[in-house]
Amino acid sequence: MAKTNAGNFFEDFTVGQVIEHATPRTVTEGDRALYGALYPTRFALPSSAEFAASVGLRGAPVEELIAFHIGFGKTVPDISLNAVANLGYAECRFLEPVVAGDTLTTKSEVIGLKQNSNGRTGVVHVRSTATNQRDEVAVEWVRWVMVHKRDASAPAPETVVPELAQVVDVADLVVPEGLDFRDYDFTAAGEPHRFDDYEVGEKIDHVDGVTLTDAEHMMATRLWQNTAKVHFNTEARPDGKRLIYGGHIISMARALSFNGLANAQLIAAINAGAHASPAFAGDTVYAWSEVLDKAETSAPGVGALRLRLVATRGRDESMTLRGEDGKYAPDVLLDLDLWALVPR
Amino acid sequence: MAKTNAGNFFEDFTVGQVIEHATPRTVTEGDRALYGALYPTRFALPSSAEFAASVGLRGAPVEELIAFHIGFGKTVPDISLNAVANLGYAECRFLEPVVAGDTLTTKSEVIGLKQNSNGRTGVVHVRSTATNQRDEVAVEWVRWVMVHKRDASAPAPETVVPELAQVVDVADLVVPEGLDFRDYDFTAAGEPHRFDDYEVGEKIDHVDGVTLTDAEHMMATRLWQNTAKVHFNTEARPDGKRLIYGGHIISMARALSFNGLANAQLIAAINAGAHASPAFAGDTVYAWSEVLDKAETSAPGVGALRLRLVATRGRDESMTLRGEDGKYAPDVLLDLDLWALVPR
Amino acid sequence: MAKTNAGNFFEDFTVGQVIEHATPRTVTEGDRALYGALYPTRFALPSSAEFAASVGLRGAPVEELIAFHIGFGKTVPDISLNAVANLGYAECRFLEPVVAGDTLTTKSEVIGLKQNSNGRTGVVHVRSTATNQRDEVAVEWVRWVMVHKRDASAPAPETVVPELAQVVDVADLVVPEGLDFRDYDFTAAGEPHRFDDYEVGEKIDHVDGVTLTDAEHMMATRLWQNTAKVHFNTEARPDGKRLIYGGHIISMARALSFNGLANAQLIAAINAGAHASPAFAGDTVYAWSEVLDKAETSAPGVGALRLRLVATRGRDESMTLRGEDGKYAPDVLLDLDLWALVPR
């Protein structure tokens, strides 16, 4: 019996199938420290247990993206080991803060299948959840990936394309229990800008750039137990480069966005996301944001900003997302649409 | 008085000498996180406190190799600062799981001395133990190293070559107190293969490869407070390369072996080990295993597999250990013989 | 309203101004582990909770430089984002040990201003304090930086140059509460040299060298939330190099000084410091020390050594600080003057 995991191919998936992913993972203060070493994050809430307590939270939550990356990493051996590309995200919500000591377990349900016209690949949609040791869902999300077929002559499954929300409805955003921004300390947080200071349509150039290294993105990707070989092995691609995990760019952009969005303390949801271009060591990543929408929440003093967060290779002060042809500008790495919680 | 440590030379050692090594070291959750960032490890037991509890363990042990590397690192300033080569390991047993908060202290006894015929070097055998704050031995091992003489004209000591077991006897393996694999969760662990699924003589190509970087091996080696200068200083070797600590390759191979040996949750013993060839940044490490033996243990549901774990530079799908001349194949980096505990 | 932080320029500072810096930061065991992965530190006290307890300390303090770097990092966005150079340190004292779980908050008072004769820059002196969650000052220090003017035609402020102690007076050194070196374990610490073994004027070549990498210095600098862009962005300097944070060299030199000063367990004060030359990836850092003074303290068994700690690019066995012209020798990177606590 072959002992190693060859991963699933397109024809191995069926709509409705539920996959329980391996490797439960306990989050530790070591993860928080490494996250801070790998990304230039300065958001006061995950940085300071005292700040977290001052806004009503129990424990000291780690950044939401730590939970996302851990959850995502677990799905890789079953969902995307034979993927051509990670195509998109939707309906990602952060439902329960994660603190050191929590253990996350991930499972996925296949909710869509569509074979491509070339007959050699297909698109798989999965809805995944990462659950803590109290069976509370910490984060849930949908992603879709293009996966190789094992056998091009295998019959195509019935096409099922799930209906997904373009944007997580404000009514569906979950604010962490106890969160209260009425006595928010803007000095400790680092910027004075509150909900009312941001306008829909406003763009913010986050100014700072970070040049990527192979050691750092490999350490980050391993930390989440993401095993996709293109990230680690120079023999896995013809150009001898290590492709950087898309989530590394997400976290880098989020951290860079502190400069201008220091009060966007928590991510409540990711509405959509696309990795527009691959990133490699030596690239210098910058970020800019656009305010897409604003909404109130039921929590005291807490507003929600819908933000487009864009990562680019090299700084683009013009903050151009797409060219005249409607395609992403060539140096756009990431286009992420999220809801963040800010003080009102 | 010279203040710096020049290390011991061959003629400084005497059989029966006991050396208490410096720098007690408290293990933390930070070590676990860094280990996971540096090696692609996914074994469920050290990854998840919940999984560890589900198989009867108190606390949440870190990987055995963390204890081994810490213990080994402590011995370097006294034993191998003037070493030509680390020649071998034997009789290494993991006796007590190590959890965050444990403090390890290491001592060694010189158990063998043999001057080489060239008169300029000699082989030193030491038996070392790393003990926790409750005076329990966490790990013990024998290693032998070739060490320079300070003065080639110094008289040779009486030759003493210890008798060492070729393999740790099954009766001498220590299973952690409480370990019970009867309700083992194969889904969480990631593979269905149990004790009965492995056959003596079976070889497993672990498929995945990792390309090494200088930053990562230096961070790993420092974490264990191993100070051998060839690992850190490009001026220490004529070729300007930093020689990678052999233990880095051990941990890399062990982590890669997850793919095919996901249920080999614990290392109970290391029977033998040889660093067949040096490794450097840019090398891509792969691993394969061979099942050498199988044995039952007295613990409920727990079997033991004796495994040869081989790390190679570049993938060798033929899994060839030695050439026709009996020597290691040129791209073999590591040949490790160990006992692992698996569910029956 | 511009959302991003442009930093303060010379004309934005006024003497007596107090700046509360952003981003309170909780210290964790992850910080200790990363510090040990990034620097070859082996001092027994911060390495071992058991050793710390054996010398009378509550909890297990992290290295003082962790508190210093965190405190320093907080000041960067307000004080030195537009700095030309970090010119010096004085009157730095470590007043309260920092343990995992402590949250540090930093503020600064402007104590000096002097416009340069070119009219385009000026020197700003600030006295900063990092305070824990019990409002105890953990570390305080003065530094002065040369900062750009926003507008060269802005009027010069009244010149105020603070009087600063050349050396922290022995009577002002604070020994951590409970510290008692009477039962000090020299074997665990790694060297036999005590207070009486060091002579004023004695120089110690610390022998070991470490070659720097970009990944490591960026991780260290981010860990302290220091955001100065020259450390991270190859597009920020004409030569495309990432300038290494001066604190990285301080910690590297301190760690290297273990070999010869293993019993200098605690830093009580930094009297002065200068970054004589910039450091870049590929440089190999060595260190040497000179004993400048010795003093008794009121704590049982505890003496103080005043040490000059010098980091160099490449090893300088002659331990030459300055050339005949009185300027720093070209490969001197750091000249640090500190008080360390050692067993008597």
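1. Let's start where the two chains meet. Between chain B and chain A, 18 residue pairs are in polar contact, with both partners at pLDDT 80 or more. That pLDDT condition is there because this is a predicted model, so please read everything below as a description of a prediction.

2. Which helix gives the most to the side of chain B that touches chain A? Look at helix α1 of chain B, residues 29–38: seven of its residues sit on that side. Taken by class, the residues of this side of chain B come out as 19 nonpolar, 16 polar and nine charged.

3. Now the head count for both partners. Chain B brings 44 residues to the contact, and chain A brings 32.

4. For chain B and chain A, the buried area is about 2900 Å². Carbon and sulfur atoms account for 57% of that area.

5. The rule picks out three salt bridges across the interface of chain B and chain A. One of them joins Glu216(B) to Arg222(A), and their closest N and O atoms are 2.7 Å apart.

6. Next, have a look inside chain A. Its domain assignment gives domain 1, made of 1–27 + 62–164, and domain 2, which covers 168–344. Notice that domain 1 is written as two stretches of chain A. The C-alpha centres of these two domains of chain A are 22 Å apart.

7. The two domains of chain A touch as well: 24 residues of domain 1 are in contact with 25 residues of domain 2. Together they bury about 2200 Å², with 58% of it on carbon and sulfur atoms. Which residues of domain 1 of chain A lose the most area to domain 2? They are Leu65(A), His69(A) and Tyr89(A), and together they make up 28% of what that side buries.

8. How many salt bridges does the rule find between domain 1 and domain 2 of chain A? The count is zero. Polar contacts are there, though, with 11 residue pairs between the two domains of chain A, both residues at pLDDT 80 or more.

9. Finally, the pieces of domain 1 of chain A that face domain 2. Both α4 (64–80) and β3 (83–94) of chain A supply at least two residues each to that side. The top contributor is α4(A), with 10 residues. By class, this side of domain 1 of chain A has 14 nonpolar, five polar and five charged residues.

Notes
Residues numbered from 1 in each chain as written. Chains lettered and ligands numbered in written order. Predicted model: local features only at pLDDT ≥ 70, side-chain atom pairs only at ≥ 80, totals over all residues. Heavy atoms only, no water. Contact = heavy atoms within 4.5 Å. Buried area = accessible area lost by both parts, 1.4 Å probe. Salt bridge = Lys/Arg side-chain N within 4 Å of Asp/Glu carboxyl O. Polar contact = N/O pair within 3.5 Å; in protein donor to acceptor, adjacent residues only side chain to side chain. Helix = DSSP H or I, 4+ residues; strand = E, 2+ residues; numbered from the N terminus. Nonpolar A, V, L, I, M, F, W, Y, C, P; charged D, E, K, R; others polar. Domains from an automatic or database assignment.
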